[in-house]
Amino acid sequence: MTYRPGTALGLKEVELTLFQKLIGIRWLLLLLVGGVVAVGVIMLYSAGRGRFEPWADRQLLRFGLGLIAFFVVALSDIRLWMRYAYVFYAFALGLLVLVHFAGTVAMGAQRWLDLGPVNIQPSEMMKLALLIALARYFHGLTYEEIGRPHFLLIPLAMALAPAALVLKQPDLGTTLMLLAGAGAIFFLAGVRAWKFILLIGGALSALPVAWNFLHDYQKRRIYTFLDPESDPLGAGYHILQSKIALGSGGVFGKGFMQGTQSHLNFLPEKQTDFIFTMLAEEFGMMGGLALLALYAGIVVHGYLMALKVNNQFGRLLGMGFITSFSVYVVINMAMVMGVVPVVGVPLPFVSYGGSAMLTLMIGFGLLTNVYIHRDVPIPQFGASH
Amino acid sequence: MQRETSRYSVFSRRAALLMSGKAALATVLAGRMYYLQVIESDQYAVLADENRIHYRMLAPQRGRILDRFGVELANNTQNLRALIVAEQAGDVAKVLTRLRDVVPVGDHEERRILREIKRRRSFVPVSVVENLSWEQFAALNVHLPHLPGIQLEIGETRGYPKGETFSHLIGYVAAVAEADLTGDPLLELPGMKIGKNGVEKLQDEPLRGKAGSQRVEVNAIGRVIRELSRDHGERGADIALTIDAGLQEYAADRVDGESASVVVIDCVTGELLTLVSVPGYDPTPFTTGLSQRLWQELVSNPLAPLVNKSIAGQYPPGSTFKMLVALAALESGLATPDHRVGCSGSIELGTHEFHCWKKKPGHGALRMVEAIEQSCDVYFYDLARKVGIDRIAEMGRRFGLGQSFRIGLPGERPGLMPTRDWKKATYGQPWHPGDNLNAGIGQGYVLSTPLQLAVMAARLGGGRMVTPRVVRSVGDMLLPRPEAPVMAIKPEFLKVVQDGMVRVVNGGAGTAKRAKLPDNLGVLAGKTGSSQVRRISKAERQTRVRKNEEKPWIERDHAWFVCYAPAETPRYACCVLVEHGGSGSGAAAPVARDVMAEVMRRDPARRMPGERMAGQDDKRGA
């Protein structure tokens, strides 16, 4: 099948100039993202005991690389993403399989592919590839078709295959994020509500079975989530120390670089998963709420952008991404505050990590892309043809 | 387009649903922040401080032990030592090899160091070498740049500058044993040492001082980041003894090589100026750790270096007891000073014959003063038979025998002052008349320690009921010195035995004419004693009887001499015991004379300008 834009339904072909595209970029969104990144760099500077090494400088560098990726993605033609959606997905899935056989083991999990000069984390790539592939799939379905169960089998398989591979690594956090992103798209595409209820009910009844497949450390995390004080020096240590750091921060915090919990290493993983705790210790509830407000600004902005998109592929992709993004934020914060078990989800843009930064910037590039191309008609084809 | 609109309306509806869900979640997060950071904040602030702030106890500096003039008998000496911090050293074995070029480190030591490093966290310093000399310490300082991880430290260890001479008196400190723990956290400090013997043990509380404390900030693995505050605590109080260190050393030198005891006491205050027991032992190994070999050596030494003979050695007083028999007779009215007994060298009681030390023809007829001067046994057999043991025992107790003074040293023993009831209770036998005779010359059941006989001499000479004491002050506080009451005995009776004692040394027929002091040092009054070795104390039995080649020595009499001076206004009394010395006049009296001469030379009431005292060139505190 050859793709000729706009011909299938006889729609007028729309071509945007580079200038038009640049005008279309929502610079406020970029500013808000920059603000969150700045918070991250400041906290990494503090985590490095008042030095840019080893985290803050590299985080900044990655943000710079991410910005380039953002612009490349944002200014590219949306139809390219549409066309290569499955190819991209297949590529990411292939890498996930590869990582299963040839991945580098780090910290007890096999997540990385060693490609000489760079290590890549295919599960990060899959976060976006899955969203794009699902958006394309549902783009091609009518509302009626979505109502028919057999049309849901393919996208379900598309979501579950990478989730299973990632769970095997093992990486429970990313698995959940993949499922959350896929779920968001299913939901937005109009999959009937009772099917979700059925699915959730089925998942709940399968929990006892799934429990047996969990690794010991994962089981322990759930135990300690339920009662962190039961083992304050063992598995409950992370949650307890994180709550102590947060609570002792109070309303206004202990001051920049004055966090005793984080600087004396009582707080684990302060530069990655628990960086929000460090922020809330040093800048108190005010700092925490300010960051939360920044995130809220980004999410609301992204939501409004996605709403304006007039093609199904674009709005599913945009809304799916911004929903995934907000889930990352919520899960991470809830985790460090002891509301949900520790599952290893970094705080977007703030936690130290190169792969995540790149994924997020490409993701926001895609959001901007679909916003810029909101009026570009995309013929409906795919599953229904 | 219908299809498109329906998809879009579903999308918008559901997107709105998702957004409200997110808003709800954000509210939950903000609420949780409020709960943790406002409502529960105080509790978590406390927990955070508990995390990071550790209290550490700081061992206080132990008080010194001084003689009456401030001479240090126990102090805290610098301990120059090298420590190693494994994490800074990197390759520990390599650093130790380089260290060996400067100071010796044995293979055994190296194994210990590596073992300790393995046991502790890598930033905890481990001792490498202790007690370095200044030269070694300086050399290490120069080499320090090439010895990563090596730390040089000036620590403190307990030092006993006078060593053996004061070993029994001062005792020693050693590591806290399980049984010593009282719940005082100070005792649980690593490296803490407490008094285990002598004054160190009995004055341990004041010497210990009050522990200081330090608040430090630590990180999650316990590494100290910085000190927050420090309370130095209080160093232990200095304890000043009544002992005159110079005199003690002189006396110890004088009896060096013997198994002996010398006690010098102040007749007015009861303060002990000298409390020597030889041989002593080196207290340092007891502090740092005693080897099995050294311990065996000390235990099997026939001269019993571990026993403080001055207070723990119990011997029959022999003829030194005769003054008390005389006093008992005088007070009971059964004899007057003019009571005469004819000595023919022996006396018969029933079928048994009791001998005088002077064989036939004996001393002839003697009055009481002469009997003391010549130490006639027959005279005192006669008195004892008349007076009976119970009156003698009562007098003995009044003069300090058969009791413990609790002078504040471990191991003080009460001796034995027998009575009729005692014998009945102990042996189930009646008191025989022959027992009276034996007691009359200080043999038989009577046992006394050198300290008791020194007190006896002080009470006889000074006429005051002095109580011996060894501690003069604790910290800045001079211990109260209650005035000793006058002895409850008629002065004229006391005068008789005092006259007798003066004649023992200065009379024509005295048994200790050799003990006469040079004229310028005053008149010495004394009494010899030689006690037959019939009872051998348990310790002696264990350590001596085994060795055959020593038997002749072991069978010799113990030599006693008790005395006081100056005779007219008695101020100092002395008791000398030389175990198996042979005779009191031969072995003990000359020692007592020299010691008393030294005492008199030191007496500020008598001292003349330009006179030299023993140990004068010592660096002294006063």
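With 16 C-beta neighbours inside 10 Å, Met257(A) counts as partly exposed; a residue is buried if 20 or more other C-beta atoms lie within 10 Å of its own, exposed if 12 or fewer, and partly exposed in between, with C-beta atoms placed from the backbone. This is a predicted model, in which local features need pLDDT of at least 70 and side-chain atom pairs count only at pLDDT 80 or more, while totals for chains, interfaces and linings use all residues. Residues are numbered from 1 along each chain as its sequence is written, and chains are lettered from A and ligands numbered from 1 in the order in which they are written.

Back to Met257(A). Its phi is near 65°, a positive value in a residue other than glycine. The residue is in the loop between α11 (237-249) and α12 (260-263) of chain A. Helices (H or I, at least four residues) and strands (E, at least two) are DSSP runs, numbered from the N terminus.

Chain B has a case to set beside it. Arg406(B) has a positive phi near 50° and is not a glycine. It belongs to the loop between α17 (389-398) and α18 (420-427) of chain B. Is Arg406(B) buried or exposed? It counts as exposed, with 11 C-beta neighbours inside 10 Å.

Next, the cis peptide bonds. Most residues other than glycine have a negative phi, and most peptide bonds are trans. The bond from Glu53(A) to Pro54(A) is cis, with omega near -5°, and Pro54(A) sits in the loop between α2 (27-47) and α3 (56-75) of chain A. In chain B, Val278(B) and Pro279(B) are joined by a cis peptide bond with omega about -10°. Pro279(B) lies in the loop between β12 (272-278) and α11 (284-288) of chain B.

Five strands of chain B form an open sheet with antiparallel pairing, in the order β12-β11-β21-β20-β19; strands pair if DSSP finds at least two bridges between them. The edge strands, each pairing on one side only, are β12 and β19 (525-531) of chain B. From one strand to the next the twist averages 10°. Strand β11 (residues 260-266) of chain B pairs with β12(B) over six bridges, antiparallel, and Val263(B) stands opposite Leu275(B) in β12(B).

Now a helix pair in chain A. Helix α14 (residues 312-336) and α15(A) pack at an angle of about 145°, their axes 9 Å apart. Axes are lines fitted to C-alpha atoms, for helices over the stretch in contact, and angles run from 0 to 180 degrees between N-to-C directions. Residues of α14(A) including Phe321(A) and Phe325(A) meet residues of α15(A), among them Leu366(A) and Leu367(A); contact requires C-beta atoms, placed from the backbone, within 7 Å.

How many of the 19 residues of α15(A) are buried? The number is 18, and the helix is mostly covered. Its span also checks out: at 1.5 Å a residue, the 19 residues of α15 (residues 354-372) of chain A should span 27 Å, and the end C-alpha atoms are 27 Å apart. The expected span is 1.5 Å times one less than the number of residues.

Last, the interface. Here 34 residues of chain B are in contact with 40 residues of chain A. On the chain B side, α1 (2-39) and α2 (41-52) each supply at least two residues. α1(B) gives the most, with 21 residues.

Note on methods: Two residues are in contact if their C-beta atoms, placed from the backbone, lie within 7 Å.
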